[in-house]
Amino acid sequence: MIAFNVALFMALLAACGLKATLAARGPRAATKWTSQRGNALMQENISAGENRPPKGLRQLGDLFKEKEDKMDHFEGKMGCQAIIKVNSTSSKKADCPSGCPYFAQDKTDDQFCTFKCVKNAEECVKMNPKTPIADKESGTCRSPLVESCREYNYDGTDTCKVCNTLYALAPDGKCYTSLKYVVYGLGVVLIVVGVLIVVWMIDLFSRPNWNEEVLQKAQEFRSHQKLRTSAQDGRQLWPLTTNLLYETPAGAGMLLHFNFQFMVILWGLVVALVWFIMATVIDHAMFILGTRNFGTPRNNCILVAWGYETQQRLMWTKVLFCQVIYVFTFIGSLLMGIRQLRLFQDSDYQNKTMKDFVLMCDGLPRISGEVLVEEELKKSVESATGTSVVSVSVAWDHQEHQETILKYLENDMVLRDPHLKAARMVDTAPPDMNPIRKAFFSFEQAILVEESEEPELPAGSEMRELCLGMTTSPCAFVVFNTEKERDTALEAFLQNGGMAFQDTKLQFSELLSEPDTVEWYNYGHSSPAAKFRRLCLGFVAIFLGLVFWSVAFYAPYAWSVMTFNYDNGQQPGFIYGLSFSMVVVVGNQIMYEICARVSDFVGFRFSDTKAVCYMILFCMSCLYNVLVDMATTYYIAEQVMEELGFRTYFGKKLSEIDSFTEKFETYAMQRNLAENTYRYAFPATYLIPFLIEPVVTIYVPLVLGSAIVGSHPEVGGRDAEGWVAAIPMDMGRYADIVLNMLLGVLIFYFPGGWTHSLFFALAGSHVFIYIVDHCRLLRSVPSITVATMEVDWWAQAMVAPVCGIVLSSMVFKANCQEYGYCIQGMPLVGVCAGAFFAHTVVHFLLLVYVVPLFGKAKPEIDPCKDQTFKDVAAKMPCSWFTTNPVHCLRSEHVYNHSPPCRFWFSGKEHMLEVNEKAGCYFSDKIAESEDFTSMHSISHGLKSLKSFRSQPEQD
């Protein structure tokens, strides 16, 4: 809230104290302030309605619509054969006299933006041989309109002479794709597949429920998995009214996650409101600049002239805006970092969790499983420190045996689970069905489901041999009875430089992670060198994925845009915009999948570190997609504008400009890149994926899984539970948030007409995302605990490039604007890049060294000092022992504990057993489940409709 108040203060300064600020900049700025309203109204190119500041919510919607002049067409004062040079004050709505009703661009001299009113097509050709058609509808002399044409027939008809590559010239003079039969074939295949899917879904949901009891038990398991209150509070679902900004049902890390989302929503609103207020107070043209479409050559000349003059006249407002947003974002992000740190510390000091009782031991030698290493290490620690150790959980090198071990532990749980045994066994023989249903049923059996079998456990001797044949990894987790004893032991180890154990020196350190975030199977083969090699292979996979997206999805879209006929002001229609949105969505989803798999492949030991890796890789990959799109857009716009004869404000042809920076700064190019950046961000990245996400990750899997289990009597046990289980939640949302922020600030390099729309869209989209995540956490996903701020800290670090981009855009916009410097050519790119990297480094260092200085001190009196590991373990099913699969296996087959330490499965907390000698204290009854009868509404409706149709008519 501090950052938000700072933003409002700055916005008020911008709105109310602007004249004083301008006076300090000198007389030229003050003159602009006093004359700008009159200048805007004098321009016939902008209507009085557009120039009027918006008043009230009634007009807010108008700001998001494409701005068009509201006055009607009128007959201008031009005479026939009179040559008129248009400028920024010329009206786009003026028409030629009725005696010579066509505007023709004069190409007979070296002047630019000169037009003459002519009578017919013959005079059109005299003025410009490439515009032989007198178009009554537009009142202009125009060139032929033929899609995908490389060379036109300039004979007064809309026909083509030579078509683009992959297009063929038809007898009617039009160009048609040479691949049309391939396209038609793919279309037919897609239609057939779509029809089959629809028919299959209708059949699936209209089947009788042959497996009702198993389905009910599977849905109850889904309910048991969800986030619930403690046993003392009855193991109830957390209410939907839970305020996740202050309460911690899923750990302190999840608290930070929702606070981060909330701050981004406020940030987006503040950015949008600052621009909105400045545009309302200063000049309404700021709402329009860069948003108008190109049109006829005459309108393009007016647009470029008006855009350039308006942009230069209002450039000081863009620089001031960037300054305000830079200071607000920079200072606000640091204040947010301090607040997040203090929130985490406050929660951590008020609660005891598993991490408060453990030290991580590093440096273990390779020890055979035949040695009782847990007991030996426990005795050594107790002897060296004089403290009480509950037990030791060793990280064993077991990746190659992981599947066997987990399958054994799962089968053991299934055989003991009374909830699974309560489901009545039914006849698994398929019932009588019609041929269509039988074909679908057979397909499902062959592809989707397998008949559930009674689990068989390997002989105890086999599992014992497996345990004895393993070796330790370098790491183990020593669990103490109290936090005070943990701290005493750590102090002793630090004073003695570690602890001697079997001819090695072991090192001990505190741990910030919780046991359910440990990736136990990655220990023993994840040295820094091994992880670096896997990360390099991951970069190769990401690069191949980017190439695949670029070639298979983006290239066809880029080709279609490049071959579009832009003559006479035509613009790609709705289908092009929709296609672009889908291309962006597909690209982001490809990167999501690849980056997630790479993060898994690297072999991180904690899921929090894996989430950080994913966030960074995903943002980098998607930014590559953005750069590819911007580079392609730049190239396409360059080619199209050069072919259409676009010039700069000073009359220089774009084709004659050699400098990249000079061409990039032209208003025509800036306008194209601004629109493309906006379209890439919204709705393609900001909204569409998040509208689809709850459908494909929550609703469809649940409904489809329930239908499969209910209609297949051969499915049961853990297979049935797997079909209806919820998809787990992770911290990947941080990557989406940071990417959206990065995309948003890119718009600052371009004309500002899109700014308020984009940031209002960002804030609104993230309100929706927040609501979805809130409901998903409390009502859908399996229980999750995020106890560290590692992912949140790195998300804050990723805000540094966001601030760097704002600073870079401010340097770019202030160039040659009387701010003390004027850099031409590529050195400007270097200066902007330098500003970006300088800020990023400084920001990162401040997060590392300065922000921690403002954290909360640990209270002198611990409010939870009397809590022991036993007290915490009695409330939390996930401990350092119950999450370690090899530890559970050794408890049963090496140490012969009775009962042994049971492995924790999500939703199966009631299967854990108490054995204090093994460090196991958790015991609980099975939780009450929800009512899933409404899930069958579709099926019931279809069945009712079918039964109604089958009833005989009654008199």
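Mentor: Buried means under 20% relative accessible area, exposed over 50%, and partly exposed in between (1.4 Å probe, protein chains only). The model here is predicted, so local features need pLDDT of at least 70 and side-chain atom pairs count only at pLDDT 80 or more, while totals for chains, interfaces and linings use all residues. Residues are numbered from 1 along each chain as its sequence is written, and side-chain values use heavy atoms, with hydrogens and water left out.

Trainee: What is phenylalanine 748 in contact with, leaving aside its neighbours within four places in sequence?

Mentor: Contact means heavy atoms within 4.5 Å. Leaving aside neighbours within four places in sequence, the partners of phenylalanine 748 are Val271, Lys318, Phe321, Cys322, Ile325, Thr755, Phe759, Val806, Ser809 and Lys813.

Trainee: Is glutamine 340 buried or exposed?

Mentor: Glutamine 340 is found in helix H10 (residues 315-350). Leaving aside neighbours within four places in sequence, it is in contact with Leu256, Asn259, Phe260, Met789, Asp792 and Gln796. Its relative accessible area is 0%, so glutamine 340 is buried.

Trainee: Which backbone oxygen does the side chain of glutamine 340 reach?

Mentor: This is a polar contact, a pair of N or O atoms within 3.5 Å; within protein, one must be able to donate a hydrogen and the other to accept it, and residues adjacent in sequence count only if both atoms are side-chain atoms. At 3.0 Å, the side chain of glutamine 340 reaches the backbone oxygen of leucine 256.

Trainee: How many salt bridges does a search of the whole structure find?

Mentor: Side chains of opposite charge can pair when their charged atoms come close. Here a salt bridge is a side-chain nitrogen of Lys or Arg within 4 Å of a carboxyl oxygen of Asp or Glu. Over the whole structure, the number of salt bridges found is 40.

Trainee: How many residues apart are arginine 416 and aspartate 412?

Mentor: These two form a salt bridge, with their closest N and O atoms 3.2 Å apart. Arginine 416 counts as partly exposed because its relative accessibility is 25%, whereas aspartate 412 is buried at 11%. Both lie in helix H12 (residues 402-416), separated by about one helical turn because their spacing in residues is 4.

Trainee: Which residue forms a salt bridge with aspartate 417?

Mentor: The closest N and O atoms of this pair are 2.6 Å apart, and the partner of aspartate 417 is lysine 908. The pair links distant parts of the chain, 491 residues apart, with aspartate 417 in the loop between H12 and helix H13 (418-421). Aspartate 417 counts as buried at 0% relative accessibility.

Trainee: What side chains does arginine 902 join by polar contact?

Mentor: Arginine 902 is found in the loop between H29 and H30 and is buried, with a relative accessible area of 12%. Its side chain makes polar contacts of 3.2 Å with aspartate 412 and of 2.7 Å with glutamate 913.

Trainee: What is the volume of the second largest cavity?

Mentor: On a 1 Å grid over the protein atoms alone, a cavity is a set of points where a 1.4 Å probe fits but cannot get out, and lining residues have an atom within 4 Å of a point. Grid points are joined across faces, edges and corners, and a volume is the space filled by probe spheres set on the points. The lining of the second largest cavity includes Trp275, Met286, Phe750 and Lys813, with the largest share, 3 residues, coming from H10. Its volume is about 90 Å³.

Key. Helix = DSSP H or I, 4+ residues; strand = E, 2+ residues; numbered from the N terminus. 1 Å grid on protein atoms, 1.4 Å probe; cavity = no way out; pocket = protein on both sides within 12 Å on 5 of 7 lines; lining within 4 Å.
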